[in-house]
Amino acid sequence: MSILIGAETTFIVQGITGREAVNLTRECLDYGAGARIVGGVTPGRLGREVHGVPVFDTVAQAVEHHGGPIDGSVVTVPPAFTKDAVIEAIANGVKLVVIVTERIPRGDVAQMVEFADEHGARIIGPNCLGIIVPDVIKMGGIGGPAKDAAKSYSPGPVGVISRSGGMTTEMSSTLSAAGLGQSTAVSIGGDAIIGQAYAELMPLFEADEETQAIVIYTEPGGRMEAQLSEWVAENNSRLPIVAFMAGRFMDEMPGMSFGHAGTIVEGKEDTATEKIARLAAAGIVVAERIEDIPGLVRDKIGAAV
């Protein structure tokens, strides 16, 4: 099993004729059994193809050509046009939108997230690399080219959630090297406002029988860890969680931002020290080093795994 996507998931790529989107499309088609990319959308490019994927002017055209609802979309359009692209996708029945684009105005992101909530859709990102179910499908640039993704990701019982795209792969690779595969890995994005944070994804992992533990990568700044801690406590989660907190040095450097737009520390509650304490109070183990993560996971789910 997995969450969010599976072997039968259909999706489109919005902005498919852009250079990065062309490469992303190839990567997804080559991975696992090959993603079911049923169309691409770039206004003014109707009738073209990208790696055999037909290109349309609008999402509505792609849906009509497919002959039924399309599950998801990977959005790679420039920041100024991202909001319109996402709303267009959701308005045409798409229920899962992965937004690769970064530097989108916060107001636009807030409107997109609100629109998705109103229509029962989920947004992953923005500023993310997407989702991967090892050896099955990837949706987005996560893991890079198919041959590289195959080296880092392996099937197994550990769900991975990370604010950093690169660290999604790094942590999964560390787990894989230790014989601990992943059920699904999700790069949720590092911006201050994102569609799905840890707490929003936990119910999905909780319901997935294959998932036996969760590993998260987190940073100073924002309230996502507090929300996760509250969710775990309130829902008596069955899943042990191991976290890695980057940027601990920021506690000694007031006013600094670290990496992502979402890591701006606005007060004491946003510091690494406070977050680690809050996570620990909820029973979430915080690893000192990334290489410690597999051992901590095994301690929680048993050496037989």
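Me: What makes the link between the side chains of Arg 163 and Glu 225 a polar contact?

Reply: A polar contact is a pair of N or O atoms within 3.5 Å; within protein, one must be able to donate a hydrogen and the other to accept it, and residues adjacent in sequence count only if both atoms are side-chain atoms. The side chains of Arg 163 and Glu 225 are joined at 3.2 Å, so they pass that cut-off. By the way, this is a predicted model, where local features need pLDDT of at least 70, side-chain atom pairs count only at pLDDT 80 or more, and totals for chains, interfaces and linings use all residues. Residues are numbered from 1 along each chain as its sequence is written, and side-chain values use heavy atoms, with hydrogens and water left out.

Me: What else does the side chain of Arg 163 reach?

Reply: The backbone oxygen of Glu 219, at 3.2 Å. Arg 163 itself sits in the loop between S10 and H6. Those labels are DSSP runs numbered from the N terminus: helices (H or I, at least four residues) and strands (E, at least two).

Me: Why is Arg 163 called buried?

Reply: Buried means under 20% relative accessible area, exposed means over 50%, and partly exposed is in between (1.4 Å probe, protein chains only). Arg 163 has 0% relative accessibility, so it counts as buried.

Me: And why is Ala 177 called exposed?

Reply: Its relative accessible area is 72%, so Ala 177 falls on the exposed side of the cut-offs. Ala 177 belongs to helix H6.

Me: How do you know that the length of helix H6 agrees with what it should span?

Reply: The expected span is 1.5 Å times one less than the number of residues. H6 has 13 residues (165-177), so it should span 18 Å; its end C-alpha atoms are 19 Å apart, which agrees.

Me: Which residues of H6 are buried, and what covers them?

Reply: The buried ones include Gly 165, Met 167, Thr 168 and Leu 175. Their cover includes helix H5 (146-152), strand S10 (155-162), strand S11 (182-187), strand S12 (213-218) and helix H10 (293-301); contact here means heavy atoms within 4.5 Å.

Me: What happens at the start of H6 and just after it?

Reply: At the start, a side-chain oxygen of Ser 164 comes to within 3.5 Å of the backbone nitrogen of Gly 166. Just after H6, Gly 179 has a positive phi of about 85 degrees.

Me: How do you know that S10 and S11 pair?

Reply: Two strands pair if DSSP finds at least two bridges between them. S10 and S11 share five bridges in the parallel sense, so they qualify. Ser 162 has Ser 187 in S11 as its bridge partner. Strand S8 (residues 130-133) also joins S11, by three bridges, but runs antiparallel to it. Six of the six residues of S11 are buried.

Me: What makes S3 and S7 edge strands?

Reply: The open sheet of seven strands has the order S3-S4-S2-S1-S5-S6-S7, with mixed pairing. Strand S3 (49-50) and strand S7 (122-124) each pair on one side only. Within this sheet, S1 (residues 10-14) runs parallel to S5 (residues 72-75), joined by four bridges, and parallel to S2, joined by five. One of the bridge partners is Val 75 in S5, for Gln 14; another is Ile 37 in S2, for Phe 11.

Me: Why is strand S13 described as largely enclosed?

Reply: Five of the five residues of S13 (residues 241-245) are buried, so the rest of the structure largely encloses it. Both faces are covered: Ile 241, Ala 243 and Met 245 are buried on one side, Val 242 and Phe 244 on the other. S12 runs parallel to S13, joined by five bridges, and Ile 214 stands opposite Ile 241.
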